[in-house]
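Please walk me through this structure in a few paragraphs, taking the packing of helices, the surroundings of the ligand and the pairing of strands in turn.

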Amino acid sequence: MSISTASRPNGANADGSAATAGDRRGEVVVSDIGLDYNGVPALADTDLHVHAGEFFTLLGPSGSGKTTLLRIIAGLLDPARGTLHIDGTDVTRTPTQKRDIGFVFQNYALFPHLTVAENIEYGLKVRKLPAAKRAARVAEMVDLVALGGYADRYPAQLSGGQQQRVALGRALAQNPRVLLLDEPLGALDRGLREELGAEVRRIQQESNTTAVYVTHDQEEAFILSDRMGVMRDGRICQLGTPEELYREPKDLFVAKFLGKTNLFPGRLTGTDAGSAHVRVGDHDLTARANPAIAGADVVCSVRPEQLILGGAGAAVPAGLQRIADAAITEVRFLGQRRSIHLDADGIACSVDLDPAAPAPAVGDRVSLLVRPGEIALVAAEPAAGA
Ligand SMILES: Nc1ncnc2c1ncn2[C@@H]1O[C@H](COP(=O)(O)OP(=O)(O)OP(=O)(O)O)[C@@H](O)[C@H]1O
């Protein structure tokens, strides 16, 4: 498949002419943007810098403010406060249609009476691009979104995944500065979500477009994103690459939201040069320091694949430390991993093992071991009413 957009320099327009903003094309800078509904903040004053060409995801539970922020970037909502710059230009009060932005929503929003090619061509016609250039661009987009052979079909003759590809092709046809995607895979079944997710990423990279993507699905965010921001209660509570956020969550909410984790309450006893000392039960442990922690009540977050099973009462091997003793309550074979459930003095834990390794038995007593660098320390949340 030849995709000419792959070689188009970042900043070239759909008709091939050079854009003016060079390699800042698609850079989005949100400064102190905030919005309230009836006096209740939907988005607290927020700063965000999405780099040119980046795939950036806003990830958070329902009602956390993701769509509000996306709609402000789109110009569909006016912020109460703050400024928005795209490519260094202040567009805070610029109407949507002049922001040079492409959208893809969950519900496809295709024109039912237009074919795939006509849907993709629609915006180019509105912009009065000459017919020959329109045809070339439509062919390029049909190729980019891998819909060769479907150009003359109507939306009703396409699967959900194919319709979403058309929506992507239509959004990208005008070579927008920024592509905004609001849960675009939400209506698709799981298998298709994974397949189209990978396609969305490929298309974004090959078209060299900055993307801001909204989802509540952590796996989707991991597959797609260069960086992401986790949102809660109208705030971005942590920014970083998927790996940074997974390994070094700043707080309990981020630790729990980004996948399964084991949580061992403890007390911070000291810190030095990037590491923290913490007491969990009878065990003194070293963990990664977390500058966001203020008090002494902490929680050690350890992912299931980071816990290691050791013999009960056996010497702890060098480089490891014992975080708890536990009894195995359940052993499940899950294909790519074996999931072991345990009870560590009232704390329910899980450990993922290589399925090829010998399986322990229910009732076995074990030690839970962990490397110092794999304990993420977060502040304990205050008890309700405290
Ligand atoms: N038009 C509105 N009027 C009043 N409150 C609103 C309106 N739109 C959104 N809200 C509120 O603003 C907050 C943020 O909503 P937003 O749609 O941005 O969340 P979200 O993270 O995108 O959620 P979801 O994943 O469910 O779409 C929520 O508490 C929501 O109830």
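In this predicted model, helix H4 (residues 160-173) packs with helix H5 (residues 190-206) at an angle of about 15 degrees, and their axes lie 11 Å apart. Because angles under 35 degrees count as roughly parallel, H4 is described as roughly parallel to H5. The crossing of the two helices, H4 and H5, is right-handed. On the H4 side, the residues that take part are Gly160, Gly161, Gln164 and Leu168, and these meet Leu192, Leu196, Val200 and Ile203 of H5. Sorted by class, the contact of H4 with H5 comprises 5 nonpolar and 3 polar residues, with no charged ones.

Turning to the ligand, its surroundings consist of Tyr37, Ala42, Gly60, Ser62, Gly63, Ser64, Gly65, Lys66, Thr67, Thr68 and His216. Helix H1 (residues 66-74) gives the most to this shell, contributing 3 residues. By class, the shell around the ligand holds 8 polar residues, 2 nonpolar residues and 1 charged residue.

Strand pairing can be followed from strand E11 (residues 262-272), which pairs in the antiparallel sense with strand E14 (residues 297-302) over 6 bridges; within that pairing, Asn262 has Val302 of E14 as its bridge partner. E11 also pairs in the antiparallel sense with strand E12 (residues 275-280), here over 5 bridges, and in E12 the residue that partners Arg267 is Arg279. E11 and E12 form a hairpin with 2 residues between them, and in the turn Ala273 has a positive phi of about 30 degrees.

Definitions and conventions. Residues numbered from 1 in each chain as written. Predicted model: local features only at pLDDT ≥ 70, side-chain atom pairs only at ≥ 80, totals over all residues. Pairing = 2+ DSSP bridges. Helix = DSSP H or I, 4+ residues; strand = E, 2+ residues; numbered from the N terminus. Near = placed C-beta within 6 Å. Nonpolar A, V, L, I, M, F, W, Y, C, P; charged D, E, K, R; others polar. Axes fitted to C-alpha atoms, helices over the stretch in contact; angles between N-to-C directions. Parallel < 35°, antiparallel > 145°, perpendicular 65-115°, else oblique. Left-handed = near helix turned anticlockwise from the far one by under 90°. Contact = placed C-beta atoms within 7 Å.
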